[in-house]
Each structure stands twice: as C-alpha cells, then as structure tokens.
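Hello,

Here is the structure I promised to pass on. Have a look at it first, and then read on for what turned up.

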Amino acid sequence: MPDLYFTPGPTALYFTAEEHIKTALKTGVVNTSHRGQQFKDIYKACADNLKLLMEIPDSFHVLITSSANEAWERIIQNCVRSDSYHISNGPFASRIEKIASQLQKNTHNLKVQDGKVPSLEEIKVPEAAEIITICLNESGTGAAFPLQLIEELRNKYPDKLMAIDGVSALPVVPVDFNSIDTIYFSVQKAFGLPAGLGIWIVNDRCVEKAQKLAAEGVMIGSYHQLPEMVEKAAEYQTLETPNILGIFTLAKVAEDMLTKGILAIRREIDYKAAILNIAVEEHPQMEHFVKEANVRSKTVSVIKTDFENTQLIKYLKEKHIHIGTGYGKYKPEHIRIANFPTHSKEQMEMLVDLITAYRG
Ligand SMILES: *Cc1c(COP(=O)(O)O)cnc(C)c1O
C-alpha cells in the first residue's frame, strides 16, 4: 500500500494531482515563459475555477503569493496605516498579530484560550482599528471560527476591513464573500497540492486602502505592492516569475473539484468528520481538544490522548498511515488528523477502525 497522509499539511496529494503534474512536464508547462499566452491562460483558468468553486464574486481579485505567511505581511503592509485588531485563538491566528507588531503597527490583540472562539460580546474592536483579522480554521488547536460570527462582526463594524485566514478551511468551508474583504490560503492543506504557492483573494476596498496609504507616503512593500499586483493580475500576469507548475496544478484540481461538485465534497467531509468524532468520543483514552462541538473543525481534528502519542503515530506508520503530532507546545499530548477533499471515505473508515481498536 502506498503511504497515506492524514497530516494537516503538507498532506496527501489530491488524487488527480500526480496526473496533472505529469501532463505539465510533458506539455512544456514548466518550460513556458511567464510572459507568454500559455501562462496567461493557465492563470486565468486558475482564477476562474477558484471563483466558480468558492462562489467568489467577480469584484474580488485572485492574486499569487508564495504562501499564507506572505499574505499576512502583505495584508498588514497594504491595509493598515496604524492600528489593527486581531482575534488570537491559537498559534496560527496569533502569527499575523506578531507580523503586524514587527511592522510597527499598533496592534490590539484579543487573546483567546486555545481551542475556544470568543463570543460577539467579547470582541470589542476599538474605533482606531482599521482591520479585524480572524483565523477560520485554527489548524493548531482545531477551533473553527463560526461563519455567522463573521457576518455579525461585519454588520457591527462595517467600516473595518475583514481579513480571514482560510488555510486548511478553503474550499471546504462555504465563506460568504459579502462579509469579508480579503482571504488567503496555501495549497498544501485542503487543496492537496505540493507546498510553495499561496492564493490571496482581495476586493477593491483593500486595493483602495493600499493606494491611499501609498499616496500618504506609507511604505506598502517592495516587489509585491497590492495595487501593482492587481494591475498585473488584470492581464493574468505576475510581477515575479511565479510557481507556474503550482498554478497549473491548482487550476486543474479546482476543475476536478468542480466536476465532482463542491456539495458532494462537503457531504463527504461531513461524513468523515462524523465517524472520526464518534470514534474519539467512544475511545476511553481520547478526547477532543475543542470541547464545544459547534466550533470544532471538520477539516483538522485535534485529539488529546492520555497515552504517549508517539506510540500510536509509530503504530500507524508501520501500516503506512501518517497522522500529525500536536502543534507547538502540544506536540507530545495531541494528535492531529486532516480530513480534506482528497481523503476518501474508505481511507477514513480504515483509519477510524485502527484508532478505535488501539489502546495505549
Ligand atoms: C499552515 C497554515 C498557515 C501557514 O501556511 P504557510 O503555507 O506555511 O504559509 C497559516 N494559517 C493556517 C490556519 C495554517 O493552517
């Protein structure tokens, strides 16, 4: 049996990815100039397919970055003059606040206990804050930020930009783009592609903000300034020589997901999450780290084990199945299991059977 990766990212490749990569090698995709028509067609197909798949309105721009980490820096540089507000409910959610501090912004940080999501009442965004940052799916703790809360925040603070970390959630979580201004993801999580490519989706409010800051003499970056990126993207071009292979493969995988149907993908995710959740609840030595079921991620399960997790990880590895350790300080005490579109129902059933029978 080939190795099966339930790691939260990099994870198993989407089941059609290998075929598309082979096609790219055979048809000169990896040799083509990023200034030629072939590349423009690839970028356009990628943007169009992503827009269809996630119902992204045409008013949003689909930009190419190196990964989500880059989007954090770009968003702060281009959309914040002085004050930013961050909902920090885990290690990934907290990273953008750190970057904003490093870029010498005046950050307002709502520190939330790991594995929790704050209530609307707890979120008090100061007048000065220009942006609210949220992590949709905190891959370190398994907390899922409710879509309804994003909508409520949008209604309560309509003048603030809403910036969402969509890594490990997109395209599974059905985001309403009317409630947000920008969202981004890296491809090695739920899209199941090799790492090294990020997609940054922005609306014109973000672009206008960046233009305004630039006009005031604020430093909005160097080679990747938002207004220039958008200008280039309008012609399906990038400023730098991009990851053409990655963009091609993403375009193709997004097309395959469209063919399968996003609703079918989401139904499968629900089924796999349900059988895994039951297995965890019934296991005498395991519990969910996120206690409240309504804010528990379906795509990244974080499970506390009362035995040495390395034993289970090793046991599964001998069967060619890879799961994640805990993230950061939780490395020894948690396991993390990804449930992405590439993981089939049969594969998840097999993993669930092995976990159910396992005793530490
Ligand atoms: C993995 C991850 C990131 C970081 O992605 P990179 O590709 O390393 O930039 C950011 N946010 C979340 C929620 C993630 O899961």
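To start with the ligand: how far from an oxygen atom of the ligand does a polar side-chain atom of Lys189 lie? The separation is 2.7 Å. Please keep in mind that this is a predicted model.

Ser139 places a polar side-chain atom 2.4 Å from an oxygen atom of the ligand, and Asp165 has one that lies 2.7 Å from a nitrogen atom of the ligand. On its own, the ligand has 390 Å² of accessible area, and the protein covers 89% of that.

Stepping back to the whole shell, 13 residues surround the ligand. Ser67, Ser139, Asp165, Ser186 and Lys189 are the closest of them. Sorted by class, the shell holds six polar, five nonpolar and two charged residues. Helix H3 (residues 68-79) provides the largest share, with three residues.

I also looked at a pair of helices. H6 (residues 204-215) packs with H7 (residues 226-233) at an angle of about 130°, and their axes are 8 Å apart. An angle of 65 to 115 degrees would count as roughly perpendicular and one over 145 as roughly antiparallel, so H6 and H7 are oblique to each other. On the H6 side, the contact involves Cys206, Val207, Ala210 and Gln211; these meet Leu226, Pro227 and Val230 of H7. The contact is made up of six nonpolar residues and one polar residue, with no charged ones.

Conventions. Residues are numbered from 1 along each chain as its sequence is written. This is a predicted model: local features need pLDDT of at least 70, side-chain atom pairs count only at pLDDT 80 or more; totals for chains, interfaces and linings use all residues. Side-chain values use heavy atoms; hydrogens and water are left out. Axes are lines fitted to C-alpha atoms, for helices over the stretch in contact, and angles run from 0 to 180 degrees between N-to-C directions. Helices (H or I, at least four residues) and strands (E, at least two) are DSSP runs, numbered from the N terminus. Angles under 35 degrees count as roughly parallel, over 145 as roughly antiparallel, 65 to 115 as roughly perpendicular and the rest as oblique. Contact means heavy atoms within 4.5 Å. Ala, Val, Leu, Ile, Met, Phe, Trp, Tyr, Cys and Pro count as nonpolar, Asp, Glu, Lys and Arg as charged, and the others, Gly among them, as polar. A residue is near a molecule or strand if one of its heavy atoms lies within 4 Å of it. A polar contact is a pair of N or O atoms within 3.5 Å; within protein, one must be able to donate a hydrogen and the other to accept it, and residues adjacent in sequence count only if both atoms are side-chain atoms. Accessible areas come from the Shrake-Rupley method with a 1.4 Å probe; for residues, only the protein chains shown count as cover.
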